[in-house]
Every structure is written in structure tokens, then in C-alpha cells.
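Visitor: I am new to this structure and would like to learn how to read it. Please take the features in turn, with the general idea before the case.

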Amino acid sequence: MGEEQTANGRDCDAAIIGAGFGGLYALHKLRNELGLNVRSFDDAGGVGGTWYWNRYPGARSDTEVTAYCYSFDRQLWEDWQWTERYPRQVEILAYLNEVANRHDLRRSIEFNTRIVRAEWDDNTHRWRLTTSKNETFSAQFLIEGVGLLSSTNTPAFPGTQQFKGEIFHTARWPHAGIDLRGKRVGVIGTGSSGIQLIAEIAPQVSELLVFQRTPQYVVPSRHSPISQAALAAIRQDYAGYWRGVLNSATAFGIEESAIPASSVSHEEREAVFERAWQAGGGFRFMLGTFNDIITDLDANDAATDFIRRKIRSLVHNPEIADALTPTDLYAKRPLCCDDYYESFNRDNVTLVDIKTHAISAITENGILTEAGHYDLDVIIFATGFDAVTGNYLKIDTRGRSGLTLQEKWARGPRAFIGLTIAHFPNLFMIFGPFGPFTNQPPVHEFQINWIAEAIARVRAQGFASFEVSQNLEDRWIDECNEIANTTLFPRVDSWINGGNIVGKPKASMFYMAGMAAYAAMLRDIAAHDYRGFVVDGHER
């Protein structure tokens with residue numbers, strides 16, 4: 001079909017949901033490089049995905065920006081001047097807007113438009129899409145880049161509507177900003193967004209009450225200007241750098257440790273942890289110190305003991321330090337933030353333990369817990385996301401014979417390589433369930449390139465439908481579960497396994513064997529003509 005539109009302009013070769021890192025690159029790849037007729041949809045008012053919505057004070061990447069960017073446009077990489085090692089939200093959003101400008105992407109995106117229904121038609125071999133504006137579109141292929149961490153989680157506390165002050169969620173922060181100076185502010189949640197927000201606003205507000213359910217292991221970020229030496233090294237071997245990123249375990253662009261914690265003395269182990277603490281970065285501390293922190297209890301204990309001692313040295317009040325000190329495993333997304341623990345040394349900051357004394361209700365004037373009432377002017381939910389599956393399930397998606405995605409995933413997600421779902425032909429996900437546990441932007445590019453190659457082959461050979469077989473999907477999930485059980489992640493409730501959402505089926509939703517193994521496998525699938533996939537009803 002190329003760039004030619006049908007009479008009503010609503011039929012296309014491919015439809016894309018989402019205009020974040022993944023969705024923008026998918027649009028560029030399919031429209032600008034493959035020459036397909038592509039329509040994109042996003043319920044936001046502009047590009048950026050999670051960086052469009054998450055504008056809370058302190059919002060920034062916790063991945064070093066040398067790997068938290070695109071690789072496909074070398075000239076953009078040369079021209080764009082990042083200012084910080086972990087850039088703030090405003091800089092990342094500006095970067096994504098520049099990408100959209102350079103590659104003329106906006107003309108193919110329907111903003112302020114949510115896809116509410118996607119239904120596969122077995123007769124036409126096309127997806128029929130219905131928008132929040134009650135418009136309909138059709139596409140041969142559907143690519144969903146709806147975001148790993150985008151579906152907001154807001155607990156339903158009694159009395160929320162009664163509160164006379166203001167209530168906000170970090171992931172839906174007003175674009176005009178909020179003046180918190182001189183106000184009594186309550187923050188519920190101490191995950192990645194919460195710790196960044198707390199450290200940022202503590203010096204600004206009159207009173208800050210932090211409602212903590214679970215204490216976190218947090219290492220410093222050590223915010224600083226981006227290293228010119230690091231940029232020069234990448235510039236010298238640009239292609240080699242990005243090959244190295246994809247051939248690593250986690251694609252973070254850092255030097256991953258190759259030695260177990262038990263291979264060195266206690267003194268050397270402490271020195272390694274101290275160097276990592278001073279260098280900053282949660283992923284560097286977890287992945288760059290020793291190679292078995294997430295798989296071996298003794299190594300994990302060594303890391304947690306080190307961080308616990310740091311907490312007690314940084315927080316002046318021993319009782320507050322104890323309350324901030326985790327007792328569980330270091331087996332969640334590793335957090336980093338400057339001045340988080342130090343914030344609790346301020347006279348205007350109070351830690352409220354809601355695991356021991358839960359929140360009972362939100363009242364007209366604040367928050368009532370089992371231990372008492374706290375008067376507030378502003379309440380901020382930093383309660384994170386219904387991760388991985390949340391946004392997919394918000395769309396009424398129906399595959400072959402009317403099978404709904406809600407039915408398919410009723411007991412937990414089912415998918416293959418994070419990209420495809422059995423009985424949902426011509427549907428591709430970007431970073432869907434059972435994909436690699438990695439940094440996202442470079443893996444987005446790799447996944448989308450694989451998707452684009454599959455689409456090009458299907459179209460060139462005149463096929464109408466392409467999907468993974470149920471058998472291959474089942475075997476993949478078994479493999480992912482088996483690998484996950486060799487790590488410590490399943491032992492701790494977090495968004496990684498859905499344990500942060502009440503009533504959500506717990507599942508190890510990632511492939512934990514590393515990006516290098518994942519990339520090799522995807523290349524092998526394509527090289528063997530998609531063995532195990534079903535093309536026009538016939539399994540290869």
C-alpha cells in the first residue's frame with residue numbers, strides 16, 4: 001500500500017500504539033525505512049511516553065544516558081548534547097521531541113487518542129481498531145508500544161473524594177507544575193519515583209510526611225555532567241559500543257562483573273562495594289560489583305549488609321535509621337538517588353510506618369492511619385505502576401475466535417519472547433511479558449528491527465497472518481520460569497513479578513538469561529525461517 005491512503009484514510013499496513021522510545025522508533029522503522037503506510041496512536045498530547053507523563057519534581061533516568069538513547073541515528077547522537085549522566089525528565093522529553101522532528105514522525109500520530117478496542121478479523125486478516133473518539137481504523141499489523149512502566153497504580157483508600165487539599169500521582173503530574181513551597185505534603189510510596197520526589201522536595205516544603213510500607217535499598221546516583229571521556233570512547237568505535245551493549249547481560253552499557261563475591265576476601269569485597277558506592281548508580285552497584293548478587297544468598301547478604309551499614313551511618317536518629325533499613329533480599333529493581341536517606345535528618349521530614357500501622361482512610365484534612373491522623377495540604381501518590389501487563393489489559397483486545405487478552409491472561413501473562421502471543425496473529429508487543437530483563441531503548445531497537453524483518457518477509461511472500469504457535473509459547477514460559485527460579489527475584493514481591501498489585505496473579509514476567517542470549521535466539525529464529533511460528537494457519 002505504501003504511502004497511498006484508502007478512500008476513507010483509515011486503512012493502513014501497520015498501526016502503532018504508543019509514542020515513547022519504542023513507538024517512535026517503530027514508526028520510523030516501518031514508515032521511513034520499510035515504506036509502509038503507518039498510523040500511530042497515543043492518549044498523550046505529545047510524544048515521550050512515560051517521559052511525557054512523569055514530570056514530578058526530581059524525575060530523571062536511573063540509567064546512564066550513554067545507553068539510554070537511540071543508536072540508529074549516528075548524526076543525532078553526535079549533535080545532541082546531554083548535560084548529565086542521569087538526565088532529568090525535561091531533557092529526555094526534549095530529546096524525544098527532537099527525534100520526532102528530525103524524522104517527521106508527528107504527521108503519522110493521532111495524539112489525545114486512546115485505542116480502546118482491537119479486534120482481529122479472521123475473514124479479512126486485519127485488525128479493526130476503535131478509538132476513544134469512537135473512530136475505527138484497520139491494519140494488517142498491530143504493534144503495541146504501550147510501556148513497561150506506564151499503567152499507574154493508585155490505591156483505593158476510603159474517603160479520597162473528601163480531601164479538601166490537592167491529590168496528585170507522580171505519573172500524572174500537571175504540566176504546569178505545582179508550587180509546594182510552605183505546604184504540608186504527604187508522599188505515599190517509596191519506590192523509584194517516590195525516592196526521587198522525596199529527596200527533591202524535602203528542602204522546599206513546610207512539612208514532609210513519608211508514608212512508607214516497605215523500606216528500600218538505595219545507593220547514591222552521584223549526579224554529574226556527562227563524561228566527555230566516555231563519549232570520546234564511544235565515538236571512536238560507535239558500532240562496537242552498541243554491539244557490546246547488546247552482547248551484554250543487561251544492555252546498560254556498564255562493565256558487568258565476571259567474578260562471584262565468594263572469590264575475594266572480605267576486605268576486598270568491602271572495597272569493591274565502597275568503590276561502587278562512591279561511583280554511584282543502582283545498576284552499577286548490583287551488576288558491576290559481583291556477578292552473583294541476584295543469584296546467591298551469601299553474595300546478596302554481603303551487599304545488603306553493606307547498604308544497611310551505610311543507612312545507619314547516614315541517618316542520625318537510630319530509630320529512623322532502623323525504620324529505613326530493609327530486612328528482605330536485594331532483589332528488586334536497584335534504586336539510586338542522591339540525598340534520599342539524608343532527607344530524613346531534616347526537622348521538617350517525618351517517616352510514617354504504614355506497614356505496622358496501615359492507612360485507614362483519607363479524610364477532609366489529611367490521612368488517618370491506625371496510629372493516628374496527619375494533617376496535610378497535599379497528598380502525592382508515588383505508588384508506581386501495574387507493570388508489564390497493565391496497559392495491554394486496558395485495551396479490549398480480541399484475537400482468533402473472539403478470544404480476549406483478559407481471558408488469555410486471567411491466570412497470568414502468556415507470551416513468547418516478549419513480542420508475540422499465540423492466537424493473536426499479526427500482533428507484536430514492544431517489551432511485552434517474558435522479554436529480557438534489561439535496559440530498554442537499545443533493546444527496543446533490536447526488537448523492532450526483528451519485528452520489521454518479520455513483517456517484511458510476510459508481506460514479500462504474500463502471507464496474510466503470522467503468529468507464534470501455542471506449543472512454542474508454552475515451552476518459552478516454562479523456560480523463563482525455570483531460569484527465574486535460579487535467581488532471587490521471585491522471593492521478593494515487586495513490580496517485576498506483579499507482587500506490588502493486590503489481586504494480580506504473581507508471575508516471573510521476564511527472561512533472566514541475559515540480553516546476549518536473547519539476541520542470539522531471536523537471530524536464530526529469523527535465520528531458520530521462524531520455525532515454530534504459524535503462517536496462514538500452517539506451523540513451520
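Guide: Helices (H or I, at least four residues) and strands (E, at least two) are DSSP runs, numbered from the N terminus. The model is a predicted one, in which local features need pLDDT of at least 70, side-chain atom pairs count only at pLDDT 80 or more, and totals for chains, interfaces and linings use all residues. Residues are numbered from 1 along each chain as its sequence is written, and side-chain values use heavy atoms, with hydrogens and water left out.

Visitor: Where does serine 193 lie?

Guide: Serine 193 is part of helix α5, which covers residues 192–201.

Visitor: Is serine 193 buried or exposed?

Guide: Buried means under 20% relative accessible area, exposed over 50%, and partly exposed in between, with a 1.4 Å probe and protein chains only. Serine 193 has a relative accessible area of 11%, so it is buried. Contact means heavy atoms within 4.5 Å. With neighbours within four places in sequence left aside, serine 193 is in contact with Asn54, Tyr56 and Thr170.

Visitor: How does arginine 172 read on the accessibility scale?

Guide: Arginine 172 counts as partly exposed because its relative accessibility is 33%. Its place is the loop between β7 (166–169) and β8 (184–188). Neighbours within four places in sequence aside, arginine 172 is in contact with Trp53, Ser150 and Thr152. From arginine 172 to arginine 106 there are 66 residues in sequence and 22 Å in space, C-alpha to C-alpha.

Visitor: What span should helix α8 have?

Guide: The expected span of a helix is 1.5 Å times one less than its number of residues. Helix α8 (residues 266–279) has 14 residues and should therefore span 20 Å, which agrees with the 20 Å between its end C-alpha atoms. Helix α4 (residues 89–102) also has 14 residues, and its first and last C-alpha atoms are 20 Å apart, close to the expected 20 Å.

Visitor: Which residues of α8 are buried?

Guide: An α-helix has 3.6 residues a turn, so residues three or four places apart point the same way. In α8, the buried residues are Arg269, Glu270, Val272, Phe273, Ala276 and Trp277. They are on the same side of α8 because they cover an arc of only 160° around the axis, the arc being that of the directions from the helix axis to the C-beta atoms. Glu267 and Arg275 are exposed on the other side of α8.

Visitor: What do the buried residues of α8 pack against?

Guide: They pack against β10 (218–219), α9 (282–287) and α10 (297–314). For α4, the buried residues are Gln89, Glu91, Ile92, Leu93, Tyr95, Leu96, Val99 and Ala100, and their cover includes α1 (21–33), α2 (50–53) and α3 (74–79). Helix α7 (residues 238–246) has Tyr238, Gly240, Tyr241, Trp242, Val245 and Leu246 buried, with α3, α6 (228–236), α14 (441–460) and α16 (515–527) included in what covers them.

Visitor: Which residues just after these helices have a positive phi?

Guide: Most residues other than glycine have a negative phi, and most peptide bonds are trans. Aspartate 104 follows α4 and has a positive phi near 55°.

Visitor: What is the phi of histidine 125?

Guide: Histidine 125 is not a glycine, yet its phi is positive, about 60°. This histidine is in the loop between β4 (115–121) and β5 (126–131). Asparagine 426, not a glycine either, has a positive phi of about 60°, and is found in the loop between α13 (405–408) and β18 (427–429). Asparagine 426 has a relative accessible area of 0%, so it is buried.

Visitor: How many cavities are there of 30 Å³ or more?

Guide: Rolling a probe the size of a water molecule over the atoms shows where empty space is left. On a 1 Å grid over the protein atoms alone, a cavity is a set of points where a 1.4 Å probe fits but cannot get out, and a pocket is an open set with protein on both sides within 12 Å along at least five of seven lines; lining residues have an atom within 4 Å of a point. Grid points are joined across faces, edges and corners, and a volume is the space filled by probe spheres set on the points. By this rule there are four cavities of 30 Å³ or more, and the largest cavity holds about 70 Å³.

Visitor: How much space lies in the second largest pocket?

Guide: The second largest pocket holds about 430 Å³. Its lining has 24 residues, of which Ala249, Thr250, Leu287, Asn291 and Ile294 are the closest to its centre.
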